[in-house]
Amino acid sequence: RNSIKITFDQYDTDGSGSISIAEMETLVKGRTDERKQSIEEKFAEFEANANSQEEIDRAEENKRSYLQHLTESQNKMLKMFNMADVNGDGSLNFTEFLLAEAWWMRCSINPDHAHLF
């Protein structure tokens, strides 16, 4: 909960105590870009140490799948914003953000905590 509060405060860029759709878009896009970069780096490391072209081809297919999953998760998260906005005011307070963040953490690939290749 504390780490989610830190994230909430980081993305509440105007200090209003809530996160607007614009702030949420920045949050989601930034996270997705970071995770995509991590996947690309892990793939490059795997590719450099692979024993065969077949291993590389399999890993490349996995990479495409992971990247597609991240893009889909990003799009779903932005849709989730509207569902998480329980009070309908167009922004997420901390409780609403907590629900959305729990969903993101459960449904998105975190390449730093997953064995990818």
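**View 1. Helix α3 from end to end.** α3 counts 32 residues and spans 45 Å from its first C-alpha to its last, close to the 46 Å expected at 1.5 Å a residue (the expected span is 1.5 Å times one less than the number of residues). This is a predicted model, in which local features need pLDDT of at least 70 and side-chain atom pairs count only at pLDDT 80 or more, while totals for chains, interfaces and linings use all residues. Residues are numbered from 1 along each chain as its sequence is written, and side-chain values use heavy atoms, with hydrogens and water left out. Helices (H or I, at least four residues) and strands (E, at least two) are DSSP runs, numbered from the N terminus. Buried residues of α3 include I56, Y66, L70, M77 and F81; buried means under 20% relative accessible area, exposed over 50%, and partly exposed in between (1.4 Å probe, protein chains only).

**View 2. The whole chain, for orientation.** Along the sequence, the elements follow the pattern α-β-α-α-β-α. Of the 117 residues in the chain, 37% are buried. Among contacts (heavy atoms within 4.5 Å) between residues at least 6 apart in sequence, 70% join residues at least 24 apart.

**View 3. The largest nonpolar core.** Here we look into a set of buried Ala, Val, Leu, Ile, Met, Phe, Trp, Tyr and Cys residues joined through side-chain atoms within 4.5 Å. This core has 15 residues, of which I19, M24, M77, L92, F97 and A100 touch the most other members. At least two residues come from each of α1 (2-11), α2 (21-49), α3 (53-84) and α4 (94-107). The largest share, four residues, is supplied by α3. Take a moment with L92: leaving aside residues up to four places away in sequence, L92 touches F8, S18, I19, M24, F81, A84, D85, F97 and A100.

View 4. Rings of Phe, Tyr and Trp (its six-membered ring) pair if their centres lie within 6.5 Å; planes under 30 degrees apart count as stacked, over 60 as edge-to-face and the rest as tilted. That rule gives two aromatic pairs. F8 and F94 form an edge-to-face pair, because their ring planes stand at 80 degrees, with the centres 5.4 Å apart. The two partners are 86 residues apart, F8 in helix α1 and F94 in helix α4. Both are buried: F8 at 2% relative accessibility, F94 at 16%. Ring pairs bring F97 into a cluster with F8 and F94.

**View 5. Lysines over rings.** A charge sits over a ring if NZ of Lys or CZ of Arg is within 6 Å of the ring centre and within 35 degrees of the ring normal. K5 lies over the face of F94, 5.4 Å from the ring centre. Elsewhere, the charged end of K63 sits over the ring of F43, at 4.5 Å from its centre.

View 6. I4, T7, F8 and Y11 are the buried residues to look for in α1. They lie on the same side of α1, because they cover an arc of only 100 degrees around the axis (taken from the directions from the helix axis to the C-beta atoms). Exposed N2, I6 and Q10 sit on the face turned away from that buried side. L27 belongs to helix α2 and is buried, with a relative accessible area of 1%. Its C-alpha is 6.5 Å from that of Y11, although L27 and Y11 are 16 residues apart in sequence. Beyond residues up to four places away in sequence, L27 touches T7, Y11 and F97.
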